[in-house]
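Please look through the sequence and the fold below before reading on.

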Amino acid sequence: PSANLGEGQEDGLTVNVGIKNIKRKKAYVNFNTSFSYTDGYRTNSQTSETDDAIGNQLNSSSSNTFNTLKSFTSLSDISTGIKNLGKKDRSLSFNAGYDIRFDTGNRTENTRAITSNFQEIKNLTYDIDNDYVSCYGRLAYVEPFGNRWKLRLSFIGNYLSRTDSQDAFSPEGVADDYYSSQTDNRYLKGEGQLLMQYKNDTTDVQFGLSCEVFKNETVSKSLGTVSETGKGDWQVDLAPFLNYRYNAGKNNFSLYYSGNGRQVQSSSLKPVLDITNPVILRTGNIYLKPSFSHFLNLAYSFNNREKFTFFRIYGYANLSSRGEVEASWFDDSGIRYSVPVNAKKPSLSISLNPTFNRVFGETKHFSITLYGSASYNSTTSYQAASRLPGLDTESFNYYDFIAGFYGNSKGDKFYSGDSGFSQSRSTTLRWSASASLKYSIDKLDLSIGMSAANAVSRYSLNKSSNLSTWDFKPTFNAMYQ
């Protein structure tokens with residue numbers, strides 16, 4: 001069991017400025033910028049307790065944190081372009097912008113952990129200094145062919161610089177190097193898209209190919225040691241692109257597919273132990289790489305107003321490679337440790353949801369509704385093959401730990417299993433169906449229905465945990481208004 005209680009306050013000021021030209025027949029310019037300043041605090045209290053299988057307490061913990069933070073943020077973007085450049089529908093456009101944020105403050109942590117072997121109390125204060133700078137530029141050119149076809153070529157550049165620094169001190173003001181760290185992250189990405197577009201009265205389709213080339217460099221400092229990862233390590237991701245829309249009378253259909261990368265969160269790169277919750281300890285991974293996801297979305301609807309019939313189906317799928325997952329283990333006292341890693345196998349998520357509704361009868365007082373849903377999820381995690389020793393919070397050396405846990409920048413020790421971890425695949429299949437009959441007259445609505453649901457879960461490492469559950473539920477509702 002656990003409990004969490006928090007409160008806070010934030011005061012701020014925001015200024016927005018925008019400029020755009022009104023006459024946009026040939027050329028246009030839009031400019032927007034904003035500045036904001038905030039000053040606030042937040043307190044948080046947590047308690048937790050871990051028991052074994054027969055109810056004996058393995059450990060308990062409590063933590064109290066107090067944060068103060070001052071932030072300055074500025075956002076700006078400019079877009080300009082020329083329409084009908086030499087001929088109708090030919091265009092050239094340019095967009096650029098930046099996003100900057102500077103945070104300063106401090107955090108006070110008072111934590112206590114009690115196990116059968118020891119009791120540990122820590123009181124630390126952190127000076128926080130975080131900087132974030134991001135900028136981008138986009139150049140796009142459109143060339144029409146005839147009345148229905150267009151070629152679109154675009155180039156996008158992104159640069160991100162992020163510094164997260166925390167200096168830890170004891171209550172007496174003595175520096176604590178074990179919990180002090182600095183992480184500098186530099187992310188550079190170039191993206192190119194080549195698209196074709198066809199459009200008529202009922203159909204609008206865009207299709208093509210996108211290519212992302214990126215470099216993610218991290219310089220981390222802890223205990224006086226500086227480590228640099230990702231320098232000169234360029235990654236390339238390719239993905240097709242499709243955006244199809246059809247609208248004709250009673251039928252509407254859309255299909256969208258794209259691929260995009262996701263940057264690593266700064267908290268996952270920090271080379272220091274996070275002891276906010278003393279029985280759930282976490283440290284970062286300086287070798288993490290950005291993930292890449294393929295996304296598919298489809299929707300179809302049919303609406304016949306003359307026959308009072310409506311049908312809709314919605315679905316999506318997401319395939320993610322190099323996704324960030326946790327490698328976790330427990331020590332003999334039940335304390336949990338975790339480190340973020342990139343999954344070797346992609347994760348997959350699929351969902352489909354159809355709905356049918358029809359009003360019938362001579363007086364149109366009756367209606368029937370059918371609903372279904374189905375989903376499939378496959379994920380990867382990493383678990384210790386056996387119980388492993390914990391981390392010494394008093395003498396934790398991040399670089400010695402990560403060398404034994406992960407190995408080189410490609411994770412040779414971790415993914416081979418030499419550091420004691422095994423890959424676990426979890427799959428879950430869920431489906432449900434329901435039917436209801438409704439009678440409506442004046443102010444009275446009566447409905448009766450039935451639903452069924454099934455969930456099947458499978459685990460590659462622990463087959464004894466495989467589970468299949470069924471749920472049947474009749475329903476009856478009456479409403480008078």
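Leaving aside its neighbours within four places in sequence, which residues is A3 in contact with? In this predicted model, A3 is in contact with S45, Q46 and T47. A3 belongs to strand 1, which spans residues 2–20. Between A3 and Q46 there are 5.7 Å from C-alpha to C-alpha, although the two are 43 residues apart in sequence. The relative accessibility of A3 is 42%, so A3 counts as partly exposed, the range for that class lying between 20% and 50%.

Next comes the nonpolar core. The largest one has 33 residues, and the members that touch the most others are Y179, W329, V341, F401, F405 and F414. Two or more residues each come from strand 5 (119–145), strand 16 (324–330), strand 17 (336–342) and helix 1 (398–405). Helix 1 gives the most, with five residues.

With a relative accessible area of 35%, K438 is partly exposed. Not counting residues up to four places away in sequence, K438 touches H365, F366 and S367, and also D445, L446 and S447. T369 is 69 residues from K438 along the chain, and their C-alpha atoms are separated by 8.2 Å.

Technical notes. Residues are numbered from 1 along each chain as its sequence is written. This is a predicted model: local features need pLDDT of at least 70, side-chain atom pairs count only at pLDDT 80 or more; totals for chains, interfaces and linings use all residues. Side-chain values use heavy atoms; hydrogens and water are left out. Buried means under 20% relative accessible area, exposed over 50%, partly exposed in between (1.4 Å probe, protein chains only). Contact means heavy atoms within 4.5 Å. A nonpolar core is a set of buried Ala, Val, Leu, Ile, Met, Phe, Trp, Tyr and Cys residues joined through side-chain atoms within 4.5 Å. Helices (H or I, at least four residues) and strands (E, at least two) are DSSP runs, numbered from the N terminus.
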